[in-house]
Amino acid sequence: MRKHRSKIFIIVASVAISLWFLYPTYQDHQTQNTLKGLSGLDSLQYIEENEASIRQDRLDRIKLGLDLQGGMRVVLEVDVLKLIEDLAKNKDDAFQEIIKEVRSGTQTTEEQPVKLLRRAFENREMRMSRYYGNLRDDNNEITAFLDDESTKAIDRAMEIVRNRVDQYGVSEPSIQKLGGTRIIVELPGVSKEEEVRQLLQGTALLEFKLLKEPDVVYRVMESIDKLLAAENPVDTTVAPADTTELSAEEFARQHPFFSVAIINPQAFPGEAIVDEENREKVRRILEREDVQRLIPNDMQFLWSAKSRFANEGKTYFTLYPVLRKAELTGGVVINARATIDPNYNQPIVTMEMSSQGARDWARITGANIEKRIAIILDNAVFSAPVVRNKIIGGNSQIEGMENLDEARLLEIVLKAGALPAPVEIVEQRSVGPSLGEDSIMAGMVSSIVATLITMAFMALYYRTGGIVANVALLFCLLFIMGVLAAFHGTLTLPGIAGVILTLAIAVDANVLVYERIREEVELGKTLRAAVEAGYNRAWTAIIDSNLTTFITGIILYQFGSGPIQGFALTLMIGIIASMLSAYWFTKWFFGILTDRKTTAISFG
Amino acid sequence: MRFFKKTSFKFMEIRNTLYVISGAVITAGLISLFVKGLDYGIDFLGGTELIVQFQNEVAIGDVRDVLNRVGIGDAEVKTFGSNRDILIRTIEQGKGTTVSERIRAGLSEQFAGNPFTVLKEDAIGPKIGAELRLDALYAIIFSLIAILLYIAFRFQFVYGLGAIAALAHDVLLTLGVLSIFNGVIPNLNLEINQNTVAAFLTLIGLSVNDTVVIFDRIRENKKNFRTMGLIELINKSINETLSRTIITMGTIVLVLAVLFIFGGEVNRGFAFTLLIGISTGTYSSIYIASAIVVEWSERFGKKAVKA
């Protein structure tokens, strides 16, 4: 047995690893079943109690594609040409004609609008500097400038879309850049098409709002806290001890609001921080009607757009109390730029306003010195700087960013109001949840039936060999799923088709070997020699045929899109898994078996 | 259990007859391709596709009336699985308010007492459609080239050529059959979409799989029987691998049949395409791929074919 120890170890280890990766998927499934059996309130409580583990399982499970669980997939294209048009200093007839030509060009070719624009100018022997940059700039400089602006516009569009999707509250959205000018948005479980279309395509709203006075805010929060505390039954067994030394649980019971919306003494007065895990809870509290009545009409609570890391590896969102009425809206911002302040070596953002905006800005800043103004995009707060002095002339400087990335994000946000990056929906797919369920059922049933029929045939036709092949087939399935889970892959309908086909390939490997073994036995070899010869001689056929299929898989993955890629991915994983289980595992298994007693083996 | 004892069919001797049959089927397919064409899905054309499920059965004619009324007269309407499920497809592009909204508004007005739910809705812009079409074409062409190179490297150039010819045969024949059968069998949608492309690539993969197994045996026998004539050698190799060919292909056909029956509406076209493809793939491994090696050696001398 000793010489086989490493082989047995590899088999056991790979099965164990696959099971380990698949465990969250199983757990997630169990949780969903438990939740189905619970009523609304109980299930909420269940979620709150097990939040951390549920969240982790969700993250690590095999995700289902939109075709299997229902949802929407939208591909947005940023209208770069519109941006180029907006950037021009003047738009005379000659320019309009060029834009028209370029627009028709973008419909028919794949070329970047900036390139087409440049060619249009060069064909007319016109200088681009007539419309862009400085008069002395040559076409190269202007092309570089426009390219840079297009890239920024796409980043801006990404940020706007991400921000809105976050606000919309979809679980597990996916937002990715595709090629140069496209953004893919996937929203599982969403079927309200019109809402989503408006959400993604509407113009971004940038607002500047003052923060509410901290003492008022604190009184409001206190009354919310009292309202919630009154709902908790008073614990009569414990005598009211001195309030300075409350245990964590006792504090949570007596102050249900302040235990989740924490007042940080080191932060600005008036704002509260909320642990990411408690965000939904606080959101629900603030939406309650009786809580809403406690909040003055002129103020509202808004969330920070991004969370921040704090100690103990936790991330916190900030809850800002702002005035409902906006002081200014984003149309007044002409430009914004993130740089490093050379004097202090700190990241800063400079902001430039139109003349009308600058007049308002001077009045607003003058009246609110040492107060804070929140910069808000689509109802999410990105920054809330303190006004240091009256700003005349419209050029402001915002400091206090932790790093340059944060400054760049603010630049993107400030520009979103002024230079919108118009997006157009070029592809939209949605699958209703019922088709998703039907597809899952159909996929499951056909996979199971196909596997069972194949296994029954193999066991009947090849006897011991068939049973070993069947076990290998189950391992193969386990490995494919395990690898998919390990890489956080997504299972789609074409993906299932890919799995079924690799199972067929796995069976083929065994058939090739077993037919060969039968031939060798007929030539008069001993079983042990025949098994060895069978595996060795079948190897070249297996490796050559699997490699060609694998190559097809790579090409499919490279050139295919969406559903085809899902198919190619499972196909490639499956080929490797099937080589491992159908060829190597069974070979080792027979190696071990023929060492001990050959009489137990039959290939039919 | 054994389905086959040692067989010794003379496969290569009847190849000329089978060329004629293959040629006839492909020609019929090509004629159908030119006359009837293929049913491209909106993946490749751009447009809007909507599948709705009504509570009760509806008449296709009534749905068509609604579409005429909302100004989408050129739309295609057919049942999808059952008479309650209706597929509507149009190449119409929507700006502002979408085509699907117009359709849905019209449907809820017409069938007020028979509510429907949207099972699936796709809207593809014309540019995306063109790109997907190109991507699919590239994927097929590049995989053919990769296969040619791999087999030429592992065997010999003429074998690569044989494999590619067999694949071209399979793809052409299957396309032709799809064109011929499209719309003939009720409740079987054979539109060409991204899933069809996946089916074609799978059939390329499996067909070449089969060809490689036979080539591998030829390569092996060539070493052991140096004096044997090429036709005899190829016949011997095909016979020796015949049992495996039938069993593997039988299993795959079985799996596909299950997918065809239970796999749901979405997978049915996929399974049908593969069923045709796999059958021709098995046949072409013998009568196209191997036969071309024979033809080549008869034209350019046996020395040219060594393997």
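**Close-up 1. The buried side of helix α3 in chain B.** Three residues of helix α3 (residues 60-69) of chain B are buried: B:Val63, B:Val66 and B:Leu67. Buried here means 20 or more other C-beta atoms within 10 Å of the residue's own, exposed means 12 or fewer, and partly exposed is in between, with C-beta atoms placed from the backbone. The three span an arc of only 100° around the axis, so they sit on the same side of α3(B); the arc is that of the directions from the helix axis to the C-beta atoms. The buried residues pack against β2 (76-80), β3 (82-90) and α4 (99-110) of chain B. On the face turned away from the buried side you'll find the exposed B:Gly61 and B:Asp65. After α3(B) comes B:Gly71, with a positive phi near 85°. Helices (H or I, at least four residues) and strands (E, at least two) are DSSP runs, numbered from the N terminus.

A quick note on what you're looking at: this is a predicted model, where local features need pLDDT of at least 70, side-chain atom pairs count only at pLDDT 80 or more, and totals for chains, interfaces and linings use all residues. Residues are numbered from 1 along each chain as its sequence is written, while chains are lettered from A and ligands numbered from 1 in the order in which they are written.

**Close-up 2. The two domains of chain B.** An automatic or database domain assignment divides chain B into domain 1 (12-40 + 129-304) and domain 2 (47-124). Their C-alpha centres lie 38 Å apart. Four residues of domain 1 of chain B touch four residues of domain 2 of chain B, a contact being two C-beta atoms, placed from the backbone, within 7 Å. On the domain 1 side of that contact there are three polar residues, one charged and no nonpolar. In this count Ala, Val, Leu, Ile, Met, Phe, Trp, Tyr, Cys and Pro are nonpolar, Asp, Glu, Lys and Arg are charged, and the others, Gly among them, are polar.

**Close-up 3. Where chain B meets chain A.** The contact takes in 51 residues from chain B and 53 residues from chain A. On the chain B side, β4 (116-124), α5 (126-154), α7 (194-224), α8 (230-262) and α9 (264-300) each supply at least two residues. The biggest giver is α7(B), with 13 residues. Sorted by type, the chain B side has 29 nonpolar, 14 polar and eight charged residues.

**Close-up 4. A strand pair across the two chains.** Strand β17 (residues 423-431) of chain A runs antiparallel to β4(B), joined by five bridges. Strands count as paired if DSSP finds at least two bridges between them. One bridge to look for: A:Ser430 partners B:Glu121 in β4(B).

**Close-up 5. A hairpin in chain A.** Strands β12 (residues 333-341) and β13 (residues 346-353) of chain A pair in the antiparallel sense over eight bridges. A:Ala338 has A:Val349 in β13(A) as its bridge partner. Four residues lie between the strands of this hairpin, and A:Asn345 in the turn has a positive phi of about 60°.
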